[in-house]
Amino acid sequence: MTVRFQAAVLRSYEDPFTIEEVTLRTEPAEGEILVEIAGCGMCRTDLAVRRPAGRSPLPAVLGHEGAGTVVRTGGGPDTAIGVGDHVVLSFDSCGHCRNCRGAAPAYCDSFASLNLFGGRKEDTPRLTDASGEALAPRWFGQSSFAAYALVPARNAVRVDPALPVELLGPLGCGFLTGAGAVLNAFGAGPGDTLAVLGAGAVGLAAVMAATAAGALTVAVDRHPRRLALAERFGAIPLPVTTSGLSERILRLTDGGAQYALDTTASPPLINDALRALRPTGSLGLVARLHTALPLEPGTLDRGRGIRHICEGDAVPGLLVPRLTGLWQAGRFPFDQLIRTYPLAGINEAERDFHAGRVVKPVLIPEGRSR
């Protein structure tokens, strides 16, 4: 099988993406599927490869919030997904380590090697550019800034074909992370209180999930537009100011939040969040820290805890259908965060994303339209 299609290729850490014709030269192996991408979200993790600390092999096709239609399958006893199915793609995992067997695939022993630093060993020669040069292996098992993606069926979650599949890709990572932190890691419910620091895609997904779960939520951000979105989704908006943030959260949550979610990786805000917790409260971190995290005296007193949360502690096959069900019921309006761009407009989408003009860009390959 040889498939030629358009993809966004990143050739250097400093330069823009280029739209190129690439070639896939393999049939899906057992346990794999070929997906025609209908839409792919842009996530900060895709763009983190530009940072010195996050660099992965280039040239590469990035993109890990893809969704689309299965056009070919390699079959196999564990592949229940068939041709014509609509799927949301999520992160890769081995399926056989202790954490995968324990329904914690986000903590797979091979997570870094499968998703960030080279992919599966058999992937290297599969995808090439017009000159025959190999492109880096599948990013998060997908490389879905493209018209097609060859992925492990384990990455894919089948969804109702009546849903707008071109908008569903962010449910595989960004929205999954925020909502999963609230619903899985915290298990928040009616009467609980939550502080969310950073009202981007992950933070706003957390707000929507907390509102759906019946929790009282305070959303902290410096952008008025994002605070307005948080308020629309049921949170109390709280702008960042120079001092007194933890005291204001304590007042708004009647003595402190039971849970806090930080999406900013800002040490001062993390310390504010810890001080705003009630006794035995928990703080979850979802963003990668780029500096040391000095904890101020007293922030971990009285049973307070802090932990990192990866991919919302989610089993995608369980959480994605839950989120689409909440969306259909009008209780998780993630589509209000999305702006679509043609795949050829990826550099404009990146600029708008960095400037805060869009919360969640979704790239639509040529020939697709909403």
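1. A definition to start with: buried means under 20% relative accessible area, exposed means over 50%, and partly exposed is what falls in between, using a 1.4 Å probe and protein chains only. On that scale R11 is partly exposed, at 35% relative accessibility, whereas E20 is buried, with a relative accessible area of 16%.

2. A word on the ground rules, before you look further. This is a predicted model, in which local features need pLDDT of at least 70 and side-chain atom pairs count only at pLDDT 80 or more, while totals for chains, interfaces and linings use all residues. Residues are numbered from 1 along each chain as its sequence is written, and side-chain values use heavy atoms, with hydrogens and water left out.

3. Now to the salt bridges (a side-chain nitrogen of Lys or Arg within 4 Å of a carboxyl oxygen of Asp or Glu). The count comes to 14 salt bridges. One of them joins E20 to R11, with the closest N and O atoms 2.8 Å apart. R11 and E20 also belong to a network of salt bridges that takes in D129 and E133.

4. Another salt bridge worth a look is R126 with E32, where the closest N and O atoms are 2.9 Å apart. R126 lies in the loop between α3 (111-115) and β7 (127-128), and E32 in strand β3 (residues 32-41), so the pair ties together parts that are 94 residues apart in sequence. Helices (H or I, at least four residues) and strands (E, at least two) are DSSP runs here, numbered from the N terminus. Both R126 and E32 are buried.

5. Compare that with E296 and R275, whose side chains meet in a salt bridge at 2.3 Å, N to O. E296 sits in the loop between β14 (277-285) and β15 (305-308) and R275 in helix α8 (residues 267-275), so this pair links distant parts of the chain, 21 residues apart. E296 is partly exposed, with a relative accessible area of 37%, and R275 is partly exposed too, at 30%.

6. On to the interior, and the nonpolar cores (sets of buried Ala, Val, Leu, Ile, Met, Phe, Trp, Tyr and Cys residues joined through side-chain atoms within 4.5 Å). The largest has 107 residues, and F145, F175 and F332 have the most contacts inside it. Helix α5 (residues 201-213) gives the most to this core, with ten residues. Another core, of 17 residues, lies apart from it and has V218, L238, I249 and L269 among its members.

7. Grid points are joined across faces, edges and corners, and a volume is the space filled by probe spheres set on the points. Searching the whole structure finds two cavities of 30 Å³ or more, and the largest cavity has a volume of about 130 Å³.

8. The largest cavity is lined by 14 residues, with L24, L127, R138, Q142 and L150 nearest its centre. Its lining divides into nine nonpolar, two polar and three charged residues; Ala, Val, Leu, Ile, Met, Phe, Trp, Tyr, Cys and Pro count as nonpolar, Asp, Glu, Lys and Arg as charged, and the others, Gly among them, as polar. Strand β8 (residues 148-152) supplies the largest share of that lining, three residues. Four of the five residues of β8 are buried.

9. For the sheets, two strands pair if DSSP finds at least two bridges between them. Four strands form an open sheet in the order β4-β1-β2-β7, with antiparallel pairing. Its edge strands are β4 (60-61) and β7, each pairing on one side only. Strand β1 (residues 3-10) and strand β2 (residues 18-24) pair in the antiparallel sense over seven bridges, and A7 stands opposite E20 in β2.

10. Finally, follow β3. Five bridges join β3 to β8, running antiparallel, and I33 stands opposite V151 in β8. Two bridges join β3 to β17, again antiparallel, with L363 in β17 as the bridge partner of C40. Five bridges join strand β16 (residues 338-342) to β17 in parallel, and Y341 stands opposite L363. Both faces of β17 are covered: K360, V362 and I364 on one side and P361 and L363 on the other are all buried.

Key
1 Å grid on protein atoms, 1.4 Å probe; cavity = no way out; pocket = protein on both sides within 12 Å on 5 of 7 lines; lining within 4 Å.
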